[in-house]
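Here are my notes after a pass through this one.

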Amino acid sequence: MMAFTIAARELRTLFLSPLAWSVLGVIQIILGYMFLAQLDYFLMVQPRMAGMEDMPGVTDLIVAPLFGNAGVILLLVTPLLTMRLISEERRNRTLSLLFTAPVSMTDIILGKYLGVFFFLLIMVGMLALMPLSLLMGGALDLGKLASCILALVLLLAGFAAVGLYISASSNQPTVAAVATFGALLLLWIIDWTGGAEGNANGVLQYLSLLRHYEALLKGLVSTTDLIYFLLFILTFLVLSVHRLDNDRLQK
């Protein structure tokens, strides 16, 4: 399938740039520091919670907060990875070459998307090694860990889909990065307003990325949250294909 060929090319291009290596290194240092800080906090409060009936475990006090912080940090970083996907092709006037190639618009969009998504999966895999290292010294709720990993994968898949669509709608990578960050931040905090009531408040809560992400981090895997993320990703991918197809027709 041509989409995988394009995805492999995108992934290779990412690793040839210093940006990808810088992002990988900086993110791992920051998340590693946060992991150790959470571990230190757990060791400090553990003796005080020893007599509690419903004492939270390692997964609740270390793993879930770590993945929660990772979601916020990657909200800042993902726009830097998606900004050049289409907008750089347009700026360099190489988009016309893609249109003349024997590939469909869907293959181009899927290939670009999968390339950056595979890179984000590598980051999730490296992050997952931190909580898994706790197995050497004690027990871990593997079900909640799996839920946290699933939550972060779905969240990043959504981030990448939004970033790809905005990159497909922009002529400048920098503009695409800023616009993607603004859109993701808005979707993150959209239900923070206290003025909405009734159905409006329910709609804002449903649209909020944070609400669905937090539910999965607690280990509450529901079809509502899964369908939300799948629809979210699919919507922006379809919009990206439509946007690119409009460009092709105008050539």
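A polar contact here is a pair of N or O atoms within 3.5 Å; within protein, one must be able to donate a hydrogen and the other to accept it. Keep in mind that this is a predicted model.

1. Let's start with Arg-90, which sits in helix α4, residues 87-91. Its side chain reaches over to the backbone oxygen of Ala-168, at 2.8 Å.

2. Is Arg-90 buried or exposed? Its relative accessibility is 16%, so Arg-90 counts as buried, the cut-off being under 20%. Setting aside neighbours within four places in sequence, Arg-90 touches Leu-95, Ser-167, Ala-168, Ser-169, Ser-170, Asn-171 and Asp-247.

3. Next, helices α7 and α8. Helix α7 covers residues 142-168, and α8 covers residues 173-189. The two pack with their axes 9 Å apart, at an angle of about 135°, which makes α7 oblique to α8. Their crossing is right-handed.

4. Who makes that contact? From α7 come Leu-155, Phe-159, Val-162, Gly-163, Ile-166 and Ser-167. From α8 come Ala-176, Ala-179, Thr-180, Ala-183, Leu-184 and Trp-188. Note two names that turn up elsewhere in this note: Ser-167 is also among the contacts of Arg-90, and Trp-188 is also part of an aromatic pair with Tyr-213.

5. On to the rings: the structure holds nine aromatic pairs. In one of them, Trp-188 and Tyr-213 are tilted, with 6.0 Å centre to centre and 50° between the planes. Trp-188 belongs to α8 and Tyr-213 to helix α10 (residues 209-217), so this pair ties together parts that are 25 residues apart in sequence. Both Trp-188 and Tyr-213 are buried.

6. There is also an aromatic cluster worth a click. Ring pairs link Tyr-165, Tyr-206, Tyr-228, Phe-229, Phe-232 and Phe-236.

Terms used
Residues are numbered from 1 along each chain as its sequence is written. This is a predicted model: local features need pLDDT of at least 70, side-chain atom pairs count only at pLDDT 80 or more; totals for chains, interfaces and linings use all residues. Side-chain values use heavy atoms; hydrogens and water are left out. Helices (H or I, at least four residues) and strands (E, at least two) are DSSP runs, numbered from the N terminus. Buried means under 20% relative accessible area, exposed over 50%, partly exposed in between (1.4 Å probe, protein chains only). Contact means heavy atoms within 4.5 Å. Rings of Phe, Tyr and Trp (its six-membered ring) pair if their centres lie within 6.5 Å; planes under 30 degrees apart count as stacked, over 60 as edge-to-face and the rest as tilted. Axes are lines fitted to C-alpha atoms, for helices over the stretch in contact, and angles run from 0 to 180 degrees between N-to-C directions. Angles under 35 degrees count as roughly parallel, over 145 as roughly antiparallel, 65 to 115 as roughly perpendicular and the rest as oblique. A crossing is left-handed if the near helix is turned anticlockwise from the far one by less than a right angle, and right-handed if clockwise.
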